[in-house]
Amino acid sequence: MSANPKSFQLHVPDADIHDLNTRLARTRLPDRAPGDDWAYGTEPRYLSQLITYWREKFDWRAQEAALNALPQFKVNLHGIDLHYIAVQGQGPAPMPLLLMHGWPGSVFEFLDVIPRLTDPARFGGDENDACTVIAPSLPGYGLSFTPDQKRFGVAEIADCMADLMTKVLGYESFGAQGGDWGAFICSSMGVRHSSKLIGIHQNMLSLNPAIPAPSNPTLAEEQYAREIREWAKEETGYIHIQGTRPQTLSFALSDSPAGLAAWIVEKFHVWTDHNGDFETAIDRDRMLANIALYWFTGAIGSSFWPYYDRLHGPWPIPDGKTVDVPFGYAAFPREIRRPPRSIAEKTYTDIRRWTKFSKGGHFAALEQPEALALDVLAFFKALRGK
């Protein structure tokens with residue numbers, strides 16, 4: 001195992017940008033199905049406008065420069081070249097914090113959150129709460145992908161992340177935060193590597209929807225059961241495709257940037273908190289930077305692997321196991337699944353903080369970076385020195 005990280009800067013060749021623009025210019029769009037906008041998936045008129053903007057106005061170099069403004073590294077770990085951002089906290093005793101994205105995300109999600117965590121005094125907070133942030137590209141995602149490399153499920157990613165923080169970076173203990181797959185990885189680490197964790201904070205809960213409902217459910221538990229049934233009926237098609245035939249889908253999304261955008265954009269539309277225009281919830285350029293990173297790295301197929309692993313293996317928190325490390329949860333109202341605390345407590349036995357927000361969705365770091373950062377800092381503030 002190499003413990004010699006190498007400094008990294010991202011630079012996409014001009015030829016790759018030209019190829020992308022050529023492909024975008026030749027996009028062939030489907031017709032629009034009858035009915036309401038977005039009723040059957042990505043709206044063709046919206047995607048047509050987005051493609052035009054992507055080709056004519058989007059500035060990849062500006063987004064690339066924003067990422068390169070942060071210290072980045074690569075290290076050979078668990079058989080791959082793992083990419084990560086590492087930003088030193090600006091305070092007397094910054095706490096190491098592992099910050100993890102999910103699908104269809106990337107480290108671009110964190111550009112507005114990282115400075116709020118590493119330098120809270122700059123935003124009116126307390127320098128004593130500062131964190132040193134380590135934000136990896138998950139194995140198989142973006143800059144942690146090369147063609148034909150091995151694939152990672154949640155448990156394997158959890159082990160890789162633990163080794164990054166302890167064996168490579170030398171931290172004896174650290175905090176962890178995540179949403180989407182990042183939340184699953186946090187919870188897996190809470191089972192597999194609990195002794196290394198100060199605590200974990202999530203903005204999505206990793207609860208198995210197959211767990212039977214309580215025999216005498218509360219109103220909140222009944223509502224959650226209804227939401228799970230509706231979610232399973234209407235919103236899980238991507239899970240089954242990515243989890244059963246990931247290779248087949250990868251051909252289309254690796255060959256067509258418009259197809260890739262359509263596949264990802266739908267999730268930004270459905271999973272964000274908005275009143276019809278999801279670009280009021282997230283920045284268009286940051287969303288395109290995220291999509292473009294999948295395109296330029298060719299990592300969309302490998303990013304599906306956690307879904308395949310999930311559908312063909314056990315739940316990431318094994319049956320009979322609980323997450324017993326100090327736990328904090330940021331409950332945003334438009335998250336994919338919104339279980340009540342009474343159900344969460346059966347899996348997370350040491351909930352220290354449970355914050356309900358009035359606005360925000362699945363992509364909390366993009367939608368509500370200030371609120372998320374403040375909740376993370378407040379949660380870990382109570383755990384420092386313990």
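## A walk through the predicted model

At 2% relative accessibility, Ser188 counts as buried, because the cut-off for that class is under 20% relative accessible area. Keep in mind that this is a predicted model. Ser188 sits in helix α6, which covers residues 181–192. Once its neighbours within four places in sequence are set aside, Ser188 is in contact with Val154, Ala155, Ala158, His193 and Pro316.

Ala158 turns up again with Met189. Leaving out residues up to four places away in sequence, Met189 touches Leu98, Met100, Ala158, Met161, Ala162, Phe174, Ser194 and Leu197. Met189 also stands out in the largest nonpolar core, a set of 125 residues in which Trp60, Trp103 and Met189 have the most contacts.

**The overall build**

Stepping back, the protein holds 16 helices and nine strands. Its C-alpha atoms fill a box of roughly 60 × 55 × 40 Å along the principal axes.

| Space | Volume |
|---|---|
| Largest cavity | about 110 Å³ |
| Largest pocket | about 620 Å³ |
| Second largest pocket | about 430 Å³ |

The structure holds one cavity of 30 Å³ or more. Of the 15 residues that line the largest cavity, Glu109, Gly179, Asp180, Asn203 and His362 are the closest to its centre. Two elements, β6 (174–178) and α15 (364–367), each supply at least two residues of this cavity's lining. Sorted by class, the cavity lining has six nonpolar, seven polar and two charged residues.

The largest pocket is lined by 26 residues, and Trp231, Glu234, Glu235, Val270 and Trp271 lie nearest its centre. Which elements give two or more residues to the lining of the largest pocket? They are the helices α7 (219–234), α8 (237–244) and α10 (257–271). The lining of the largest pocket divides into twelve nonpolar, four polar and ten charged residues.

In the second largest pocket, 24 residues form the lining, and those nearest the centre are Leu207, Asn208, Ile211, Pro212 and Ile343. By class, the lining of the second largest pocket has 14 nonpolar, five polar and five charged residues.

**A glycine in a loop**

One last stop is Gly298, in the loop between α11 (284–297) and α12 (300–303). Is Gly298 buried or partly exposed? Gly298 is partly exposed, because its relative accessible area is 36%, and that class runs between 20% and 50%. Along the chain, Gly298 and Phe145 are 153 residues apart, while their C-alpha atoms are separated by 8.1 Å.

Technical notes
Residues are numbered from 1 along each chain as its sequence is written. This is a predicted model: local features need pLDDT of at least 70, side-chain atom pairs count only at pLDDT 80 or more; totals for chains, interfaces and linings use all residues. Side-chain values use heavy atoms; hydrogens and water are left out. Helices (H or I, at least four residues) and strands (E, at least two) are DSSP runs, numbered from the N terminus. Buried means under 20% relative accessible area, exposed over 50%, partly exposed in between (1.4 Å probe, protein chains only). On a 1 Å grid over the protein atoms alone, a cavity is a set of points where a 1.4 Å probe fits but cannot get out, and a pocket is an open set with protein on both sides within 12 Å along at least five of seven lines; lining residues have an atom within 4 Å of a point. Grid points are joined across faces, edges and corners, and a volume is the space filled by probe spheres set on the points. Ala, Val, Leu, Ile, Met, Phe, Trp, Tyr, Cys and Pro count as nonpolar, Asp, Glu, Lys and Arg as charged, and the others, Gly among them, as polar. A nonpolar core is a set of buried Ala, Val, Leu, Ile, Met, Phe, Trp, Tyr and Cys residues joined through side-chain atoms within 4.5 Å. Contact means heavy atoms within 4.5 Å.
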